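Open the model in your viewer and keep the selection panel at hand. The stops below go in order.

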Amino acid sequence: MSSDRIVGIDLGTTNSLVAFMQGENPVVIPGDDGSNLVPSVVALDEKNQRVIGNAARKYLTETPERAVYSIKRLMGRGVDDIREELKFFPFRLPEDLQAGEVLRITLGDKTFTPPEISALILRQLKRNAERFFGAQVTKAVITVPAYFNDAQRQATKDAGRIAGLEVLRLVNEPTAASLAYGLDKKKNGVVAVYDLGGGTFDISILKLHDGIFEVISTNGDTHLGGDDIDNLLITIALADTLGDLGLDLRNKDLRRNAEAVQAIRNAVIEAKIALSSQSSVKLDVELPGGKHYLREITREQFEQLIQPIIDRTIGPCKQALKDAGLKPEQIDEVVLVGGSTRIPKVRALVKELFQREPHTDLNPDEVVALGAAVQANILGGGSEATENMLLLDVTPLSLGIEVAGGVTDKIILRNSTIPASATQFYTTQVDGQANV
Ligand code: ADP
Ligand code: MG
């Protein structure tokens, strides 16, 4: 099998995926645990072996000082401009780290730069692809948020290089999602890409002219997503159980608290996911000590609870439209991205905002990786249909982006406004244990 097969990678804040073009269709390559999603979590085990993905998740609660998640938030950023993130996430910095130095974070007794951590995730995806193909994989297209600046894009390329991947191109996530739906074939039009993931919300308005995607505005909230829903449900469950269970979260029995919170966390996430396809769910959480927490949640109750959270996506959508100088009725296509857009109430909100039925045929948490695979195939000249296509993904910042076929990239973004103040958060920091 050809060893210069190019894969498409979605290096996400919460989950990462690798995909490739199988004939005419992009498909996601599963890991050896059968899962298409590789959680973007890296841990060091007792023997300092690196553990990545699903297997690393248990370390977040068992030995949180030896695990890291959401590393994408730190990519391409300096020691000085991550103070805000540190309020939300338990990233541990080395004590001797000085302002202006390259950012490193501590895992166990070692330190890593964010690209080194991301490289471990990329290497896992590379391994998954190599096992699938039975051949080496050395080339990739990787997606990045449309608002990523030069430094963040460069850090993503560095991560690829460290992982042993030649990054042929970085593609904007909303462009990739549009490609996955084949919207480039329409040649012209305006596409709104609504992306509600685990911890971030992005809205991007793309203009398609002659098959070229131009990001004309982006907006969002870097602390808004499925995590907020989980945290809200956990808060409610903890309020329900505390008295009953004799758990006192202010005491220092962190281990027991962490176990209780983790059991509740797993159960509410499962319930949340079930409520996307059924009208009610019964929670039954076995807590440390053997007691059970039982509660039924109907979809209606769930929707009421999460309304304030999902309503926080409205402002950024309106602003993105305004910045693009467009009215909702001027949007031709709406694409849903991110696992949290599986929630029917979110879909309904998007439909109302843009006054049109969004595309939902593809899995929203896979669509970016699928689009990256489409782009990889184009770059590899793999498909006759796309052979002559000069796909141009116009991005806010051109540095660090290589364009195939010698086409010049242009800077056309008119507005890129992820407000620094967009950091409202439903906090459930319980002795620093809940937010994992
Ligand atoms: P990211 O792009 O941030 O890496 P994803 O697009 O994979 O993340 O989205 C992850 C989020 O989607 C998580 O909060 C997860 O709980 C949520 N999610 C996944 N499936 C569902 C579902 N069926 N219903 C509701 N939320 C879901
Ligand atoms: Mg994503």
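Which helix supplies the largest share of the lining of the largest pocket? Select α7, residues 254-275: six residues of that lining come from α7, the largest share. Keep in mind throughout that this is a predicted model.

**The largest pocket**

Now show the pocket itself. The largest pocket holds about 1,300 Å³ of space. It is lined by 49 residues, and those closest to its centre are Thr14, Asn15, Leu37, Gly198 and Asp227. Besides α7, colour β2 (15-22), α1 (57-62), α6 (226-245) and α11 (367-379), each of which gives the lining at least two residues. If you colour the lining by class, expect 20 polar, 16 nonpolar and 13 charged residues.

**Ligand 1**

Next, select ligand 1 and the residues around it. There are 16 of these, and the closest are Thr14, Asn15, Lys272, Ser276 and Gly339. The side chain of Asn15 places an N or O atom 2.8 Å from an oxygen atom of ligand 1. At Gly198, look at the backbone instead, where an N or O atom is 3.0 Å from a ligand oxygen. Ligand 1 taken alone exposes 590 Å², of which the protein buries 88%.

**Helix α5**

Move to residues 173-180, which form helix α5. Is this helix enclosed or open to the outside? Eight of its eight residues are buried, so α5 is largely enclosed by the rest of the structure. Step through them: Glu173, Pro174, Thr175, Ala176, Ala177, Ser178, Leu179 and Ala180. Glu173, a charged residue by class, is among the buried ones. After the helix comes Gly182, with a positive phi near 70 degrees.

**Two loops with positive phi**

Select Asn48, in the loop between β5 (41-44) and β6 (50-52). Asn48 is not a glycine, yet its phi is positive, near 65 degrees. Its relative accessible area is 22%, so Asn48 counts as partly exposed.

For the last stop, go to Asp210, in the loop between β13 (201-209) and β14 (212-221). What is the phi of Asp210? The value is near 50 degrees, again positive in a residue other than glycine. Asp210 has a relative accessibility of 58% and therefore counts as exposed, the cut-off for that being over 50%.

Notes. Residues numbered from 1 in each chain as written. Chains lettered and ligands numbered in written order. Predicted model: local features only at pLDDT ≥ 70, side-chain atom pairs only at ≥ 80, totals over all residues. Heavy atoms only, no water. 1 Å grid on protein atoms, 1.4 Å probe; cavity = no way out; pocket = protein on both sides within 12 Å on 5 of 7 lines; lining within 4 Å. Points joined across faces, edges and corners; volume = space filled by probe spheres on them. Helix = DSSP H or I, 4+ residues; strand = E, 2+ residues; numbered from the N terminus. Buried < 20%, exposed > 50% of the residue type's maximum accessible area, 1.4 Å probe, protein only. Near = heavy atom within 4 Å. Polar contact = N/O pair within 3.5 Å; in protein donor to acceptor, adjacent residues only side chain to side chain. Areas by Shrake-Rupley, 256 points an atom, 1.4 Å probe, with all protein chains shown as cover.
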